[in-house]
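Welcome! Please open the structure in your viewer and get ready to select a few things with me.

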Amino acid sequence: MSSAFEGATPGFLVWRLSMKWRVAVDRAVAPLGLTHAQYALVASLHAMQRAGERPSQRRLADHTGLEPLYVSKLARALESAGLLERARDPRDPRAVQLALTEEGREVTRRAIQVVQGLLRQLLEPLGGPDSPRAREFTRDLTLLLDTPLDPFHHSETEQP
């Protein structure tokens, strides 16, 4: 472990890693005209479309962990850039469905390749993306993401 992080809490390390990742992805996808948040949106939308889904903005917000209002703002900017289309859901006129345009699919494919290269670099110290350590790391991250957090809940062993 780097001496700079000796004694750091897991929360601090998660925050630092997420910031490192966000900055790296922002820089990597900027030449494609995307931000990290836009990349998260189009890459998720790309995967959902490949699975035969045409998700609503709300469904995409739930999937990405982004706030619905922020997804709406990102979607409008991506629509203005010609990368996605927004349309009313015929089953629910209040909902807006999203789909990548042909240009959006191409930009997204290129962005995914760039980000996958970053991921290989990030996971290299664990033996690469397909290594047992990386798979265990992924399981641990998934477990932590699946754990509900309640800022008002205190452990019974904690003192007020």
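Here is a short tour, stop by stop.

**Before we start.** This is a predicted model, in which local features need pLDDT of at least 70, side-chain atom pairs count only at pLDDT 80 or more, and totals for chains, interfaces and linings use all residues. Residues are numbered from 1 along each chain as its sequence is written, and side-chain values use heavy atoms, leaving out hydrogens and water.

**Stop 1: the whole protein.** Show everything as a cartoon. Helices (H or I, at least four residues) and strands (E, at least two) are DSSP runs, numbered from the N terminus. The C-alpha atoms fill a box of roughly 50 × 40 × 25 Å along the principal axes. Of the 160 residues, 30% count as buried (under 20% relative accessible area, with a 1.4 Å probe and protein chains only).

**Stop 2: two packed helices.** Select residues 57-64, helix 3, and residues 68-80, helix 4. At what angle do they pack? The angle is about 115°, and the axes are 9 Å apart (axes are lines fitted to C-alpha atoms over the stretch in contact, and angles run from 0 to 180 degrees between N-to-C directions). That makes helix 3 roughly perpendicular to helix 4, a label for angles of 65 to 115 degrees. Now show the side chains of Q57, R58, A61 and T64 in helix 3 and of P68, V71, S72 and A75 in helix 4, which make the contact (heavy atoms within 4.5 Å).

**Stop 3: the core.** Next, select V29, L34, Y39, L41, L78, L84 and L98. Of the 27 residues in the largest nonpolar core, these touch the most other members. Such a core is a set of buried Ala, Val, Leu, Ile, Met, Phe, Trp, Tyr and Cys residues joined through side-chain atoms within 4.5 Å. Which helix gives the largest share of this core? Helix 2 does, with seven residues. In soluble globular proteins, nonpolar side chains tend to be buried together.

Stay with L98: leaving aside neighbours within four places in sequence, its contacts include L45, L60, A75 and L84.

**Stop 4: a histidine.** Finally, select H46 in helix 2. Is H46 buried or exposed? H46 is buried, with a relative accessible area of 9%. Not counting residues up to four places away in sequence, H46 touches L100, T108, R109 and I112.

Terms used. Angles under 35 degrees count as roughly parallel, over 145 as roughly antiparallel, 65 to 115 as roughly perpendicular and the rest as oblique. Buried means under 20% relative accessible area, exposed over 50%, partly exposed in between (1.4 Å probe, protein chains only).
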